[in-house]
Amino acid sequence: MRTRLTDLAEQAGVSTATVSRVLNGKPGVAGETRQAVLAALDVLGYERPSALRARPAGLIGLVVPELSNPVFPAFAQAIESQLAARGYTPLLCTQSPGGTTEDEYVETLIDHAVDGIVFVSGKHADTRASTERYQRLRGRGLPIVLINGYAAGIDAPFVSPDDAASVELSVRHLVALGHRRIGMAIGPDRFVPAKRKIEAFAAQLVRHGLAATEHEAREHVALTLYTLEGGQAAAGELFDSGHTAVVCGSDLMALGAVRGAHARGLSVPDDVSVVGYDDSPLVAFTDPPLTTVRQPVADMAHAAVSALLTEIHGERAPRSELLFTPELVVRGSTGAARHPG
C-alpha cells in the first residue's frame with residue numbers, strides 16, 4: 001500500500017495523505033484534486049475501490065465524425081473527461097462512410113434515454129443539410145450543444161474556434177517569412193468551417209497585397225477532402241502552379257502536403273512551407289515537425305459540457321456562438337521564402 005500510495009501521489013501531483021483521504025472517501029478534498037487521484041488510478045492500471053464508483057448522474061450522447069482524423073478523438077477524450085468529472089457517462093457514436101448515420105445514432109441515443117447530446121462537426125456544419133433534425137430534438141425538450149459549425153435558427157448553444165483568426169495567423173506568419181505566392185488546401189466549401197476559412201483567406205491575400213480582389217484570391221484555393229491524400233493532391237496542384245507556401249485545413253492535409261512536396265523533389269521548409277490546423281497529437285514529432293494552428297479543444301470541450309449541463313439543469317445557456325481564439329504553433333515546416341518578394 002505504501003508503494004501504491006507513493007505512485008499515485010506522484011502521478012496525481014499530491015501528497016500520499018491526500019491520496020489516502022480520496023481512497024477512503026473522506027471529506028475535505030477539492031473536486032479537482034479528487035479527480036486527479038481518480039485519473040492516476042486509471043492511468044496506473046489500479047481498479048477503483050467500490051466506494052469510489054459513483055452512480056452516474058446520467059447519460060450523454062456524443063456524436064463525432066470518423067476517428068481517423070486525430071482531432072476528433074481529442075475532442076471525444078476532452079468531452080468525456082469533462083462529463084466524467086461531473087458524474088455523467090458519455091455514449092460515444094462515431095461515423096464512417098457507408099456506416100451508421102447521424103440520424104440513426106440519434107434515434108438509438110433517444111432509445112437509451114440520454115439527458116442530452118453533444119454534436120461535433122455534425123450535419124449542422126453542412127450548409128446543404130436540413131436543420132430540422134435538431135429542431136425536432138429541441139421540440140422534444142432534449143438539450144443539445146453543437147461544436148464546429150454555426151447554423152442560424154437552431155435553438156441551441158454553439159461552440160466554435162475562430163476560423164478567421166486561424167487563417168489570419170497562418171497568412172501573417174508566411175508573409176513575415178517573405179512568401180508572396182500562398183495557397184490554401186481546404187475541404188469542401190459547403191461546410192461552415194471551410195467556408196469561413198476560405199473567406200478569411202481571400203480577405204487576407206487582399207489585405208497583404210497578394211491579390212487585387214477577393215475573387216482573384218480564391219484562385220489560390222484548392223478544394224479537396226480532409227484526408228492525407230486530399231492534402232497531397234491539392235498541395236501538389238498549388239506547388240505546380242508556383243506557390244511557395246500552403247495553408248491547410250487540417251494537420252492530416254498538411255502531412256499530405258509535405259508528402260506531395262517530397263514527391264516533387266521539394267524540401268520542406270527550404271523550398272516550400274506548410275501550415276496545418278488542429279495541432280493534433282504527434283505532429284510535433286513528424287519530419288519536419290509541423291507548424292500548425294492549435295484548435296483550443298480543451299477549452300471548447302469545457303464550454304460545451306458546461307452549456308449542456310446548464311440546459312439539463314433547467315436553465316438557459318446563451319444562444320450566441322462562443323468563439324475560441326486559436327494559437328499559432330511555429331515548428332519546422334515553415335521557413336523563409338527562397339526568393340522573397
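Predicted model: local features only at pLDDT ≥ 70, side-chain atom pairs only at ≥ 80, totals over all residues.
The crossing of H10 and H11 has a right-handed sense. On the H10 side, the residues that make the contact are Leu228, Glu229, Gly231, Gln232, Ala235 and Phe239. They meet Leu252, Met253, Leu255, Gly256, Ala257, Arg259, Gly260 and Ala261 of H11. Sorted by type, the residues of this contact are 8 nonpolar, 4 polar and 2 charged.

Two packed helices are described by the angle between their axes and the distance between the axes. A second pair can be read in this way. Helix H7 spans residues 163–176 and helix H8 spans residues 192–207. The axes of H7 and H8 come within 8 Å and cross at roughly 40°, so H7 and H8 are also oblique to each other. Their crossing is right-handed. From H7, the residues Asp163, Ala164, Ser166, Val167, Glu168 and Val171 take part in the contact. Their partners in H8 are Pro193, Arg196, Lys197, Ala200, Phe201, Gln204 and Arg207. The contact of H7 with H8 is made up of 6 nonpolar, 2 polar and 5 charged residues.

Strands of a sheet pair through backbone hydrogen bonds, either parallel or antiparallel. In this chain, 6 strands form an open sheet with parallel pairing, in the order E2-E1-E3-E4-E5-E11. E2, residues 88–94, and E11 are the edge strands, and each of them pairs on one side only. On average, neighbouring strands of the sheet are turned by 20° against each other, with direction ignored.

Strand E5, residues 158–161, shows the pairing in detail. One of its partners is strand E4, residues 144–147, which pairs with E5 in the parallel sense over 2 bridges. Here Leu146 stands opposite Phe158, and Ile147 stands opposite Val159. E5 also pairs with strand E11, residues 321–324, again in the parallel sense, over 4 bridges. Which way do the residues of E5 point? Phe158 and Ser160 point one way, while Val159 and Pro161 point the other way. All four of these residues are buried.

Helix H4, residues 71–85, touches strand E1 (58–64), E2, strand E3 (116–120) and E4. The direction of H4 makes about 160° with that of E2. Helix H6, residues 132–139, lies across E3 and E4 and runs at about 150° to E4.

These parts can now be placed in the whole chain. Its secondary structure comes to 12 helices and 12 strands. Along the principal axes, the C-alpha atoms fill a box of roughly 65 × 50 × 35 Å. The chain has 341 residues, of which 48% count as buried. What share of the contacts with a separation of 6 or more comes from residues 24 or more positions apart? Such residues account for 69% of these contacts in the chain.

Key: Residues numbered from 1 in each chain as written. Heavy atoms only, no water. Axes fitted to C-alpha atoms, helices over the stretch in contact; angles between N-to-C directions. Parallel < 35°, antiparallel > 145°, perpendicular 65-115°, else oblique. Left-handed = near helix turned anticlockwise from the far one by under 90°. Contact = heavy atoms within 4.5 Å. Nonpolar A, V, L, I, M, F, W, Y, C, P; charged D, E, K, R; others polar. Buried < 20%, exposed > 50% of the residue type's maximum accessible area, 1.4 Å probe, protein only. Pairing = 2+ DSSP bridges.
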